[in-house]
Amino acid sequence: MPPWIKYIMMVRQMNNNYITVTQLNKYIKYKIDNDQNLMRIYLKGEISNFKAHTRGHLYFTIKDENTRINAVMFSTYASKLKITPVDGMKVLVTGKISVYESTGSYQIYVDSMQEDGIGNLYVAFEELKKKLEKEGLFDKSKKKQIPWIPKKIGIITAPTGAAIKDILSTLKRRWPIAETILFPCLVQGKDAANDIVRNIELTKKYDLDVLIIGRGGGSIEDLWCFNEEIVARAIYDLDVPVISAVGHEIDFTISDFVADLRAPTPTGAAEMAVPHISDVLNYLNQLEIRIINSVSSIIKVKKEELNQLANSYILKNPLTMYQIKEEKFDNLFERLINNYKNIIKNNENRLSFLINNLQNNIVNNLNDKKNKYIHIISKLEVLNPLLTIKRGYSIVKKEGKVVTSIKKIKKQDHVQVDFADGTVDMEVL
């Protein structure tokens, strides 16, 4: 029997069977470390709440459908791994069970690990991620710009815990004049997703400039409400830019991908949501310096221009400017008179040409009309029946109509006979 167990037994006798917590944990550790069944364990399960320490040690949880156990893999063994452990990965591990005395919790100390498939939650995460990415919910071109200086900031998270304290303290430190509105919300459990969506809808009544949605770190199960499709679509449909701040820097959720900006932590979200007051003051100081320099430069240029004008020959000899204008006016007036005379002369020549042309056209037109008239008269004289009558012919008419055939008259008809010097009424016998 180890000496320290004998010491515990002696202490119990001296203190009426009471021992310290340290002594109890040492005893339990001794019992477990010496249990042959726990010295070499072959365990299978799903990785959850995975964390890699900067020194190379790996800390995670191995779980199944009903329970879980903490696990540690020191850097000596972790450096030999051929896989990269992630949350949701199903693994086969070997190791031993022991007690971590400081907390009194037992855990498995892993010395080897190999992949045994991917967990159900991880599969669901990847399927939803691919679906929403295909629909364009992660499209960077649709991300809304976070305003540089927001006036009103909404926060959807649990009303208690480190996350809200970190966000509020960071906002107050960086930009204390911003108005913050907390929308208390469930961030874990089966009702959390619906409660998050309800609060997102509630924010639409408050005219926010930016909205922070998130919580502190946890296992993939703890963060799962931020992987629900209804939460992702509610964030995407919101007009206000959204900063997602779920878990720690290594934790990624669907909300991170669909939000307009992802923060590694709740504190980081607050830092992204507002500027630091000192940065704004520095910016204003820089603007003031730039404005002063710009105005001074303009004044300097204008002074130089004014000095040039004041020293110009024209201002020192104003009559010269008048004389120059007078000379230009005389030149313009003389050019105007000459142009006017040229215009009149050109118009007179053109008018004379037009008059001569018109007279010639009139004479030619009258001669042409006279010749046509004489020609027509000569044709009419040839066809004139009076000339025919003068040569001894006569025209017989019956009832005013010319008789062209003897068949058109009969005995006792009265006819008129036209001669060159008169008309005679006759009766046909």
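Biologist: At roughly what angle do the axes of helix α4 and helix α7 cross?

Modeller: This is a predicted model. In it, the axis of helix α4 (residues 120-135) crosses that of helix α7 (residues 229-237) at roughly 25°, and the two axes come within 11 Å. Since angles under 35 degrees count as roughly parallel, α4 is therefore described as roughly parallel to α7. The crossing of α4 past α7 is right-handed.

Biologist: Which residues make the contact between α4 and α7?

Modeller: From α4 come L128, K131, L132 and E135, while α7 supplies E229, A232 and R233. Sorted by class, the contact of α4 with α7 holds 3 nonpolar and 4 charged residues, with no polar ones.

Biologist: Let us turn to the sheets. What is the order of the strands in the open sheet of 5 strands?

Modeller: The order is β7-β6-β8-β9-β10, and the pairing is parallel. The edges are taken by β7 (179-184) and β10 (261-262); each has a single partner strand, so one side of each lacks a neighbour in the sheet. Helix α6 (residues 192-203) packs on this sheet and touches β6, β7 and β8. The direction of α6 makes about 145° with that of β7.

Biologist: How many bridges join β6 to β8?

Modeller: Strand β6 (residues 152-157) and strand β8 (residues 210-215) run parallel and are joined by 4 bridges. In this pair, I156 stands opposite I213 of β8.

Biologist: Is the pairing in the open sheet of 4 strands parallel or antiparallel?

Modeller: The pairing there is antiparallel, with the order β12-β11-β13-β14. Strands β12 (401-402) and β14 (422-427) are the edge strands, each pairing on one side only. Within the sheet, 3 bridges join β11 (residues 395-398) to β13 (residues 414-419), and K397 has Q416 in β13 as its bridge partner.

Notes. Residues numbered from 1 in each chain as written. Predicted model: local features only at pLDDT ≥ 70, side-chain atom pairs only at ≥ 80, totals over all residues. Heavy atoms only, no water. Pairing = 2+ DSSP bridges. Helix = DSSP H or I, 4+ residues; strand = E, 2+ residues; numbered from the N terminus. Axes fitted to C-alpha atoms, helices over the stretch in contact; angles between N-to-C directions. Parallel < 35°, antiparallel > 145°, perpendicular 65-115°, else oblique. Left-handed = near helix turned anticlockwise from the far one by under 90°. Contact = heavy atoms within 4.5 Å. Nonpolar A, V, L, I, M, F, W, Y, C, P; charged D, E, K, R; others polar.
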